[in-house]
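Here is a short report on one chain.

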Amino acid sequence: TLRFRRITLPARRAPPRGFEWDVACARWSPLEQSWITSGVEVQRPVYWDDVEVACQVYAVPDGNGTAFTAFFVPVEISTTTTTVEWTYPTYTTFEIPPLPPVYVISCNSSLLPEPPLGSSWNCTKAGEGQECRAVCEGFPDQITSVTCLKGQSSLEWFVTNVCPLFTTTTLDMTIDRPSENAILGSVLVFVFIIIFCCSMGI
(Lines give C-alpha, C1' and ligand atoms only; values in the text may rest on other atoms or scores of the structure.)
Protein backbone atom coordinates (compact mmCIF):
# COMPACT_ATOMS: atom_id res chain seq x y z
CA THR A 1 0.00 0.00 0.00
CA LEU A 2 1.40 3.40 -0.99
CA ARG A 3 0.79 6.36 1.33
CA PHE A 4 2.06 9.92 1.44
CA ARG A 5 3.24 11.81 4.51
CA ARG A 6 3.96 15.57 4.55
CA ILE A 7 7.09 16.19 6.65
CA THR A 8 8.45 19.61 7.65
CA LEU A 9 12.11 19.99 6.69
CA PRO A 10 14.69 21.24 9.22
CA ALA A 11 16.38 24.61 8.75
CA ARG A 12 18.65 24.61 5.71
CA ARG A 13 22.30 25.51 6.43
CA ALA A 14 25.26 25.98 4.11
CA PRO A 15 26.56 22.56 2.93
CA PRO A 16 30.21 21.49 3.44
CA ARG A 17 32.66 22.67 0.80
CA GLY A 18 32.41 20.51 -2.34
CA PHE A 19 28.98 19.14 -1.36
CA GLU A 20 25.33 20.00 -1.91
CA TRP A 21 22.22 19.01 0.05
CA ASP A 22 19.84 16.25 -0.96
CA VAL A 23 16.66 15.28 0.90
CA ALA A 24 15.94 11.83 2.32
CA CYS A 25 13.05 10.27 4.27
CA ALA A 26 13.29 7.66 7.02
CA ARG A 27 11.02 5.73 9.36
CA TRP A 28 11.53 4.62 12.94
CA SER A 29 11.96 0.87 13.36
CA PRO A 30 10.89 -0.37 16.80
CA LEU A 31 12.62 -3.68 16.08
CA GLU A 32 15.99 -2.12 15.28
CA GLN A 33 15.50 0.93 17.53
CA SER A 34 16.85 3.24 14.83
CA TRP A 35 15.86 5.32 11.79
CA ILE A 36 15.94 3.33 8.54
CA THR A 37 15.24 4.34 4.95
CA SER A 38 13.77 1.08 3.66
CA GLY A 39 10.10 1.26 2.72
CA VAL A 40 10.03 5.05 2.40
CA GLU A 41 11.15 7.37 -0.42
CA VAL A 42 11.12 11.09 -1.20
CA GLN A 43 8.51 12.26 -3.69
CA ARG A 44 10.37 14.35 -6.22
CA PRO A 45 11.04 16.95 -7.39
CA VAL A 46 12.17 18.89 -4.29
CA TYR A 47 12.97 22.58 -4.78
CA TRP A 48 15.53 24.70 -2.92
CA ASP A 49 12.89 26.83 -1.16
CA ASP A 50 10.54 24.01 -0.12
CA VAL A 51 9.83 23.89 3.61
CA GLU A 52 7.99 20.56 3.44
CA VAL A 53 8.59 17.32 1.59
CA ALA A 54 6.28 14.44 0.71
CA CYS A 55 7.48 10.99 1.76
CA GLN A 56 6.14 7.96 -0.13
CA VAL A 57 5.50 5.26 2.43
CA TYR A 58 5.19 1.62 1.40
CA ALA A 59 3.78 -1.21 3.49
CA VAL A 60 6.30 -1.96 6.23
CA PRO A 61 6.51 -5.08 8.44
CA ASP A 62 6.53 -3.02 11.65
CA GLY A 63 2.83 -2.20 11.25
CA ASN A 64 1.00 1.10 11.69
CA GLY A 65 1.89 3.94 14.01
CA THR A 66 5.46 4.28 12.73
CA ALA A 67 7.10 7.72 13.03
CA PHE A 68 8.63 9.37 9.96
CA THR A 69 11.21 12.09 9.45
CA ALA A 70 12.93 13.99 6.63
CA PHE A 71 16.47 15.33 6.69
CA PHE A 72 19.27 16.69 4.52
CA VAL A 73 22.19 14.51 3.42
CA PRO A 74 25.40 15.92 1.87
CA VAL A 75 26.09 14.74 -1.69
CA GLU A 76 29.47 15.35 -3.27
CA ILE A 77 29.34 17.65 -6.28
CA SER A 78 30.35 15.67 -9.33
CA THR A 79 32.86 17.10 -11.80
CA THR A 80 33.05 16.73 -15.55
CA THR A 81 36.17 15.96 -17.57
CA THR A 82 36.65 17.74 -20.89
CA THR A 83 39.17 16.55 -23.45
CA VAL A 84 40.60 19.21 -25.74
CA GLU A 85 42.73 18.18 -28.74
CA TRP A 86 45.76 20.27 -29.72
CA THR A 87 48.35 20.04 -32.45
CA TYR A 88 51.02 19.53 -29.76
CA PRO A 89 50.75 17.83 -27.34
CA THR A 90 48.20 15.35 -28.65
CA TYR A 91 45.65 16.08 -25.90
CA THR A 92 45.27 17.34 -22.40
CA THR A 93 42.51 17.01 -19.82
CA PHE A 94 41.24 19.32 -17.10
CA GLU A 95 38.27 19.25 -14.77
CA ILE A 96 35.52 21.86 -14.83
CA PRO A 97 33.30 21.85 -11.72
CA PRO A 98 29.66 22.72 -12.38
CA LEU A 99 28.51 26.19 -11.37
CA PRO A 100 26.66 26.21 -8.02
CA PRO A 101 23.04 27.39 -8.11
CA VAL A 102 22.47 31.01 -7.19
CA TYR A 103 19.50 31.62 -4.90
CA VAL A 104 18.34 35.08 -3.88
CA ILE A 105 16.01 35.48 -0.89
CA SER A 106 14.87 39.09 -0.56
CA CYS A 107 11.96 38.66 1.86
CA ASN A 108 13.49 40.13 5.01
CA SER A 109 12.34 42.77 7.45
CA SER A 110 14.79 45.39 6.19
CA LEU A 111 13.04 45.42 2.79
CA LEU A 112 9.52 45.89 4.16
CA PRO A 113 7.83 49.14 3.09
CA GLU A 114 7.08 51.75 5.74
CA PRO A 115 3.89 50.91 7.71
CA PRO A 116 1.09 53.49 8.00
CA LEU A 117 1.75 56.39 10.40
CA GLY A 118 1.27 55.33 14.03
CA SER A 119 1.22 51.59 13.21
CA SER A 120 3.74 48.74 12.96
CA TRP A 121 3.98 45.46 11.02
CA ASN A 122 2.63 42.27 12.60
CA CYS A 123 4.16 39.34 10.66
CA THR A 124 3.61 35.57 10.51
CA LYS A 125 6.36 32.92 10.33
CA ALA A 126 9.18 33.75 7.88
CA GLY A 127 9.34 32.04 4.50
CA GLU A 128 7.21 31.77 1.38
CA GLY A 129 3.65 32.87 2.16
CA GLN A 130 4.70 35.07 5.12
CA GLU A 131 2.22 37.91 5.62
CA CYS A 132 2.74 41.22 7.43
CA ARG A 133 -0.24 43.37 8.45
CA ALA A 134 -0.63 46.91 9.80
CA VAL A 135 -3.63 49.06 10.79
CA CYS A 136 -4.48 51.83 8.30
CA GLU A 137 -4.06 55.46 9.41
CA GLY A 138 -7.46 56.97 10.21
CA PHE A 139 -9.23 53.62 9.61
CA PRO A 140 -8.83 51.40 12.71
CA ASP A 141 -11.02 48.68 11.17
CA GLN A 142 -8.98 48.50 7.93
CA ILE A 143 -5.58 46.84 7.34
CA THR A 144 -2.83 46.96 4.75
CA SER A 145 -0.78 43.84 4.10
CA VAL A 146 2.27 42.57 2.20
CA THR A 147 2.99 38.91 1.40
CA CYS A 148 6.23 37.04 0.61
CA LEU A 149 5.71 35.36 -2.78
CA LYS A 150 7.85 33.89 -5.56
CA GLY A 151 9.12 36.42 -8.10
CA GLN A 152 11.05 35.66 -11.28
CA SER A 153 14.23 34.62 -9.46
CA SER A 154 13.62 35.21 -5.75
CA LEU A 155 11.11 35.50 -2.94
CA GLU A 156 9.84 39.09 -2.88
CA TRP A 157 7.37 41.29 -0.97
CA PHE A 158 4.10 41.97 -2.81
CA VAL A 159 1.41 44.39 -1.57
CA THR A 160 -1.79 42.35 -1.25
CA ASN A 161 -4.05 44.90 0.45
CA VAL A 162 -3.93 48.71 0.43
CA CYS A 163 -5.39 51.30 2.81
CA PRO A 164 -8.20 53.70 1.84
CA LEU A 165 -7.07 57.25 1.08
CA PHE A 166 -6.93 59.25 4.32
CA THR A 167 -7.69 63.00 4.05
CA THR A 168 -8.36 65.72 6.64
CA THR A 169 -11.04 68.45 6.32
CA THR A 170 -11.39 71.83 8.07
CA LEU A 171 -14.84 72.90 9.24
CA ASP A 172 -15.73 76.61 9.21
CA MET A 173 -18.18 77.31 12.04
CA THR A 174 -20.02 80.56 12.88
CA ILE A 175 -20.73 81.00 16.57
CA ASP A 176 -23.75 83.10 17.51
CA ARG A 177 -22.97 85.45 20.49
CA PRO A 178 -26.25 86.74 22.06
CA SER A 179 -24.51 89.54 24.01
CA GLU A 180 -22.97 91.03 20.87
CA ASN A 181 -26.35 90.80 19.07
CA ALA A 182 -28.07 92.66 21.95
CA ILE A 183 -25.52 95.52 21.86
CA LEU A 184 -25.84 95.83 18.09
CA GLY A 185 -29.65 95.94 18.40
CA SER A 186 -29.48 98.71 21.05
CA VAL A 187 -27.19 100.82 18.85
CA LEU A 188 -29.55 100.48 15.90
CA VAL A 189 -32.55 101.52 18.05
CA PHE A 190 -30.65 104.57 19.36
CA VAL A 191 -29.68 105.64 15.85
CA PHE A 192 -33.27 105.20 14.70
CA ILE A 193 -34.55 107.48 17.57
CA ILE A 194 -31.98 110.19 16.70
CA ILE A 195 -33.04 110.14 13.05
CA PHE A 196 -36.73 110.30 14.02
CA CYS A 197 -36.21 113.22 16.36
CA CYS A 198 -34.25 115.15 13.76
CA SER A 199 -36.95 114.61 11.18
CA MET A 200 -39.59 115.93 13.61
CA GLY A 201 -37.54 119.05 14.39
CA ILE A 202 -37.10 118.15 18.01
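## Salt bridges

A salt bridge is a side-chain nitrogen of Lys or Arg within 4 Å of a carboxyl oxygen of Asp or Glu. The model is a predicted one, so local features need pLDDT of at least 70 and side-chain atom pairs count only at pLDDT 80 or more, while totals for chains, interfaces and linings use all residues. Residues are numbered from 1 along each chain as its sequence is written, and side-chain values use heavy atoms, with hydrogens and water left out.

The count comes to 4 salt bridges. One of them joins the side chains of glutamate 131 and arginine 133, at 3.1 Å from N to O. Buried means under 20% relative accessible area, exposed means over 50%, and partly exposed lies in between (1.4 Å probe, protein chains only). Glutamate 131 is partly exposed because its relative accessibility is 22%. Arginine 133 is also partly exposed, at 43%.

Helices (H or I, at least four residues) and strands (E, at least two) are DSSP runs, numbered from the N terminus. Arginine 44 forms a salt bridge with aspartate 22, and their closest N and O atoms are 3.2 Å apart. This pair links distant parts of the chain, 22 residues apart. Arginine 44 sits in the loop between strand S4 (40-42) and S5, and aspartate 22 in strand S2 (residues 19-29). Arginine 44 has a relative accessible area of 49%, so it counts as partly exposed. Aspartate 22 is partly exposed too, at 28%.

Aspartate 49 pairs with lysine 150 in another salt bridge, with the closest N and O atoms 3.6 Å apart. Here the partners are 101 residues apart: aspartate 49 in the loop between S4 and S5, lysine 150 in strand S12. Is aspartate 49 buried or exposed? Aspartate 49 is buried, because its relative accessible area is 12%. Lysine 150 is partly exposed, at 46%.

## Overall fold

The chain has 1 helix and 13 strands. From the N terminus on, the elements run β-β-β-β-β-β-β-β-β-β-β-β-β-α. Of the 202 residues, 19% count as buried.

Contact means heavy atoms within 4.5 Å. Among contacts between residues at least 6 apart in sequence, 47% join residues at least 24 apart. Accessible areas come from the Shrake-Rupley method with a 1.4 Å probe; for residues, only the protein chains shown count as cover. The accessible surface of the chain comes to about 15,600 Å². Carbon and sulfur atoms hold 59% of it.

## Nonpolar cores

A nonpolar core is a set of buried Ala, Val, Leu, Ile, Met, Phe, Trp, Tyr and Cys residues joined through side-chain atoms within 4.5 Å. The largest one has 12 residues: Ile7, Leu9, Val23, Cys25, Val40, Val42, Val53, Cys55, Val57, Phe68, Ala70 and Phe72. S2, S4, S5 and S6 each supply at least two residues of this core. A second, separate core has 9 residues, among them Trp121, Cys132, Ala134 and Leu155. In soluble globular proteins, nonpolar side chains tend to be buried together.

Which residues does phenylalanine 72 touch, leaving aside neighbours within four places in sequence? Phenylalanine 72 is in contact with Leu9, Pro10, Ala11, Arg12, Trp21, Asp22 and Val23.

## Phenylalanine 71

Phenylalanine 71 lies in strand S6. Its relative accessibility is 28%, so phenylalanine 71 counts as partly exposed. Beyond neighbours within four places in sequence, phenylalanine 71 is in contact with Pro10, Asp22, Val23, Ala24, Cys25 and Ala26.

## Threonine 147

Threonine 147 belongs to strand S12 (residues 139-150). It is buried, because its relative accessible area is 11%. Leaving aside neighbours within four places in sequence, threonine 147 is in contact with residues including Gly129, Glu131, Trp157 and Phe158.
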